[in-house]
2 protein chains.
Amino acid sequence: MIKRVHHVGIAVNNLQESVALFERLLGLKAHIEEAPCQRVTEAIFKVGEGVEIDLLEPMGPDSAVAKFLEKRGEGLHHIALEVDDIDADLEAMEGKGVQLIDKQGREGVAGKIAFLHPKSVNGVLVELVQPEKEGE
Amino acid sequence: MIKRVHHVGIAVNNLQESVALFERLLGLKAHIEEAPCQRVTEAIFKVGEGVEIDLLEPMGPDSAVAKFLEKRGEGLHHIALEVDDIDADLEAMEGKGVQLIDKQGREGVAGKIAFLHPKSVNGVLVELVQPEKEGE
């Protein structure tokens with residue numbers, strides 16, 4: 001079940017410059033994290049009620065975010081929705097005709113993650129996130 | 001001051017089809033609203049804690065969303081941030097070097113709204129929203 005919007009991901013060319021801009025814009029400090037599985041470095045801003053704005057800089061040309069930047073330039077990259085049981089939710093969505101990039105949750109920065117294919121969601125790259133429980 | 005993420009806007013070609021898809025995906029019902037000032041029809045989904053996902057269908061070829069669809073196709077269109085004093089926030093942002101599309105808040109569906117120029121925010125179209133107070 002979809003619980004809330006977890007974060008919005010923004011693809012950027014230069015994380016350091018973009019962090020400085022968003023810190024000025026949002027009046028918040030970023031938390032920087034490496035996400036080698038997705039080949040990106042992330043700057044995470046927790047805005048109000050915990051919804052995050054995540055800036056994503058590719059670690060190298062093999063990153064999916066590098067390909068996005070090459071094709072479309074900087075901008076909104078994906079929206080992440082928090083779920084409580086990612087594998088069950090993926091199965092239910094596939095049953096409703098949604099095309100999946102990941103058939104099962106895999107390890108990500110925020111917990112277990114999986115992507116839905118933009119082709120079946122109006123061109124929007126949707127990430128599902130099942131956050132780690134405290135103490136895990 | 002930025003209080004929270006208010007909504008994420010998604011440009012779509014066919015609102016009826018996209019509403020059906022997102023209702024299945026999110027397990028929620030949409031609220032449909034006309035926004036003649038922005039020349040769009042909106043389908044609003046309140047996801048968890050009140051953050052909205054808004055689907056936007058242009059009312060005609062003169063709509064900015066129609067131009068977006070023509071150029072980039074369906075997908076993530078803008079992110080809206082809630083503020084408490086839109087005119088003061090716009091002035092402060094301009095002072096920090098952010099290029100504004102709207103120098104002052106104007107009437108929108110959710111209250112007073114204004115857009116920042118994507119050129120100065122890493123290619124992201126950012127909307128500021130100052131919601132109407134209850135009873136206004």
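This is a tour of a predicted model, stop by stop, with what to select at each one.

Residues are numbered from 1 along each chain as its sequence is written, and chains are lettered from A and ligands numbered from 1 in the order in which they are written. Local features need pLDDT of at least 70 and side-chain atom pairs count only at pLDDT 80 or more, while totals for chains, interfaces and linings use all residues; side-chain values use heavy atoms, with hydrogens and water left out.

**The sheet of chain B**

Eight strands form an open sheet with mixed pairing, in the order S2-S3-S4-S1-S5-S8-S7-S6. Two strands pair if DSSP finds at least two bridges between them. Which strands stand at the edges? They are S2 (31-35) and S6 (106-107) of chain B; each has a single partner strand, so one side of each is left without a neighbour in the sheet.

Next select S1 (residues 2-11) and S5 (residues 75-83) of chain B, which run antiparallel and are joined by 8 bridges. Within this pair, Ile2(B) has Val83(B) as its bridge partner.

Move to S6(B) and S7(B), a hairpin with 3 residues between the strands. They run antiparallel, joined by 2 bridges, and Arg106(B) stands opposite Ile113(B). On to S8 (residues 126-131) of chain B: S7(B) pairs with S8(B) in the antiparallel sense over 6 bridges. Here Phe115(B) stands opposite Glu127(B).

Color S7 (residues 111-116) of chain B by accessibility. Of its 6 residues, 5 are buried, so the strand is largely enclosed by the rest of the structure. Buried means under 20% relative accessible area, exposed over 50%, and partly exposed in between (1.4 Å probe, protein chains only).

How many salt bridges does the structure hold over all chains? There are 14, a salt bridge being a side-chain nitrogen of Lys or Arg within 4 Å of a carboxyl oxygen of Asp or Glu.

Select Glu82(A) and Arg4(A), whose side chains meet in a salt bridge at 2.7 Å, N to O. The pair links distant parts of the chain, with Glu82(A) in strand S5 and Arg4(A) in strand S1 of chain A, 78 residues apart. Both residues are buried.

Then select Arg39(A) and Asp62(A), a salt bridge with its closest N and O atoms 2.9 Å apart. Arg39(A) is in the loop between S2 and S3 of chain A, and Asp62(A) in the loop between S4 and H2 of chain A, 23 residues apart. Arg39(A) is partly exposed at 30%, as is Asp62(A) at 45%.

In the salt bridge of Glu52(A) and Lys46(A), the N to O distance is 3.0 Å. Are its ends buried or exposed? Glu52(A) is buried at 8%, whereas Lys46(A) is exposed at 53%.

**Helix H3 of chain A**

Select Ile86(A), found in helix H3 (residues 86-95) of chain A. Ile86(A) is buried, with a relative accessible area of 0%. Its C-alpha atom is 23 Å from that of Leu56(A), 30 residues apart along the chain.

**The positive patch**

Finish on the surface, where Lys71(A), Arg72(A), Lys71(B) and Arg72(B) gather in a patch of positive charge. Patch residues have over 30% relative accessible area and no salt bridge; like charges are joined within 9 Å, and nonpolar side chains (Val, Leu, Ile, Met, Phe, Trp, Tyr) within 5 Å. Helix H2 (64-72) of chain A and helix H2 (64-72) of chain B each supply at least two of the residues. Arg72(A), in H2 of chain A, is partly exposed at 31%.

Terms used:
Areas by Shrake-Rupley, 256 points an atom, 1.4 Å probe, with all protein chains shown as cover. Lys, Arg positive; Asp, Glu negative; His and termini not counted. Charge placed at Lys NZ, Arg CZ, Asp CG, Glu CD. Helix = DSSP H or I, 4+ residues; strand = E, 2+ residues; numbered from the N terminus.
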